[in-house]
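Subject: Structure handover

Hello,

Here is the structure we talked about.

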Amino acid sequence: MDAIDVSRFASRRFASPLAAARAMAPTVILDLDGTLINTEQLVDEICTAVVLEIAPRLSPSVVHDALERVRGMRPLEASRALCASLELSTLERVTGEALLERTSPLLDARWREVRLMPGARRLLEHLRARGVPFGLATSTPATYLKEKMRGHEDVLAMMDCVVTGCMVNRGKPDPEIFVAASAKLGAEASACVVLEDTPVGCEAARRAGCKTIAIPSIRDRKCFEAWSDVVLHSLYDLELEKFGLPAFDDWLPVGDGSADRVLPVPTIEMRGPVVKGFGRGSTQLGIPTANLDIVPLKHQVDSLAPGIYLGFASIRGETHKMVMSIGWNPYFDNSKKTIEPWLLHEFESDFYGEELSLVVVGYIRPEADFTTLEALVERIHRDAEVARVVLEREPFVGKRQMLMP
Ligand code: ADP
Ligand code: RBF
Ligand code: MG
C-alpha cells in the first residue's frame, strides 16, 4: 500500500462551509490493540515464550517489562526495539526481523481468539447512534487486521476510516498516523479525540494536535500523564461530554443521581470454590470477601474491566446481593488480580472451599486508591448501599432468577 503524504493536509482549504463545519465537529479516533481488542495478553504470552527460548538468561518479568515498553509500535519496530533493549542483537545475535519471523506465525495462528475490550461495542454503538464520526488508527498491518477482527467484522465495518501501520511512513510515536486519520475523516486534528492504551500512541496523538484519552494497558500509569488529557481505567469510565461529545445515556442514577450511579453491563456468570485471599478483608477492613480463583475464570474476567461491580451471589442454596471488586486493589498495590465479592448477608461461619455462584450485572466505579483505610472502608460501604437499593429494581432484580437451582 502507498504511504500517505501528510504534508498535503497541512494547509488544507475547505471546499465549502459545510466541509469547514464538518472539520470542526467532534470526531473520535481509536487505537485497536489494547484499546478496542484484547490482544495484549496473547502477544505477551507468545513473545515471552519465544524470547525465553532464545535467551534463557532472562527472567519472564524482565521480558514482560520490555514488552510493555514497545507496546503500540508497528510489529517490526517493536521487535527491533525489544531486541535492542534485551540485548538479543548483541548477546544472542538475533535481529528484530528474525524474532518477528518466529513470533509472527505463532500469533497468526491465534489472533482469532482475541476478544473485544469491555465497553468497546457500547462505545461504538453510542457514537454511531449519535452521528459522531470515528475511525481506526492502528499500528497493525492490514494483513493482521483481518485476522484479528475475524468474528468482529461488524465492528470493523462501523469505522468511517481505517489507517493501518503500512499506510504511513513512520509509526507511533510519530504523529503521522493520527494526522492521516483526521484528514481521512475530514476533521481538524484539534477536533479529534484519540483513545489510546500505550505511551507511544498517546505521544503520537498529542503531537498530532489531538485531544488524548489514555486507558493504559500497562501498569505504569505515570508515564501517560505528559501526553494525555486524562488517564482512565477502562472504557466504562469515559465521560465523553468533557470532550464535547454526546454523553452516554445508559447510566442509571441512584438517589438524585448526583453522587452515585450504576451502569448495566452484559450479564456475566461465574462459579467456583471459595479460595483463601490475602487474609485482610475481615481483619483489616471488617469486610470479608469470598475470593474465587481467577485462573479458570479467565474468559469471564476478561469480559469485565477491572473495577467495582454489583450482582447476586448464591451459596449454600441461598441467593444474596453482593458487591465485588475485580482487579489489583490499588490501596494495597497487589501484584495479583483478584475477584472478591462481599456478600451482603451475615453468615454464622466461613465457607472456604464451598461452591459459590455469581451473576455480575452492573458496574459502579473504577478501583481507587485512598489516603486512609477508613476512606476505603467508607467507600466500600457506600458501594454496598448502592447495591442494596438498585438490585431491587429493573433491569437488575430479574437477574436474581439466574441463580435459582
Ligand atoms: P481472604 O483474604 O482469605 O479472602 P477474608 O478476610 O476476605 O479472607 O474473609 C473471607 C472469608 O470470610 C470468605 O472466604 C468466607 O468464607 C467468609 N465470609 C463470611 N461472611 C462473608 C460475607 N458476607 N461475604 C464474603 N465472605 C464471607
Ligand atoms: N480495594 C482498593 O484498593 N480500592 C478500591 O476502590 C476497592 N474497592 C472495593 C469495593 C468493594 C465492593 C470490595 C468488596 C472491595 C474493594 N476493594 C478495593 C478491595 C479491598 O481492598 C479488598 O477486598 C481487601 O484488601 C481484602 O482483600
Ligand atoms: Mg477475601
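A polar contact here means a pair of N or O atoms within 3.5 Å. Please keep in mind that this is a predicted model.

By that cut-off, an oxygen atom of ligand 2 lies 3.2 Å from a backbone N or O atom of Pro330. The side chain of Arg280 also takes part, with an N or O atom 3.0 Å from an oxygen atom of ligand 2. On the nitrogen side, a polar backbone atom of Ala368 is 2.7 Å from a nitrogen atom of the ligand. Ligand 2 has 540 Å² of accessible area on its own, and the protein covers 99% of that.

The site itself is the second largest pocket. Around ligand 2 there are 19 residues, and those that come nearest are Arg280, Tyr331, Glu340, Arg365 and Ala368. By class, this shell has 10 nonpolar, 5 charged and 4 polar residues. Two or more residues each come from β11 (318-327), β12 (338-343) and α15 (373-390); α15 gives the most, with 3.

The largest cavity has a volume of about 500 Å³ and a lining of 30 residues, with Val43, Met73, Arg74, Pro75 and Ala78 nearest its centre. Helices that each supply at least two lining residues include α3 (40-54), α4 (60-70) and α5 (75-85), while α7 has the largest share, 5 residues. The lining divides into 13 nonpolar, 8 polar and 9 charged residues.

Regards

Technical notes
Residues are numbered from 1 along each chain as its sequence is written. Chains are lettered from A and ligands numbered from 1 in the order in which they are written. This is a predicted model: local features need pLDDT of at least 70, side-chain atom pairs count only at pLDDT 80 or more; totals for chains, interfaces and linings use all residues. Side-chain values use heavy atoms; hydrogens and water are left out. A residue is near a molecule or strand if one of its heavy atoms lies within 4 Å of it. A polar contact is a pair of N or O atoms within 3.5 Å; within protein, one must be able to donate a hydrogen and the other to accept it, and residues adjacent in sequence count only if both atoms are side-chain atoms. Accessible areas come from the Shrake-Rupley method with a 1.4 Å probe; for residues, only the protein chains shown count as cover. On a 1 Å grid over the protein atoms alone, a cavity is a set of points where a 1.4 Å probe fits but cannot get out, and a pocket is an open set with protein on both sides within 12 Å along at least five of seven lines; lining residues have an atom within 4 Å of a point. A molecule sits in a cavity or pocket if more than half of its atoms lie within 2 Å of its grid points. Helices (H or I, at least four residues) and strands (E, at least two) are DSSP runs, numbered from the N terminus. Ala, Val, Leu, Ile, Met, Phe, Trp, Tyr, Cys and Pro count as nonpolar, Asp, Glu, Lys and Arg as charged, and the others, Gly among them, as polar. Grid points are joined across faces, edges and corners, and a volume is the space filled by probe spheres set on the points.
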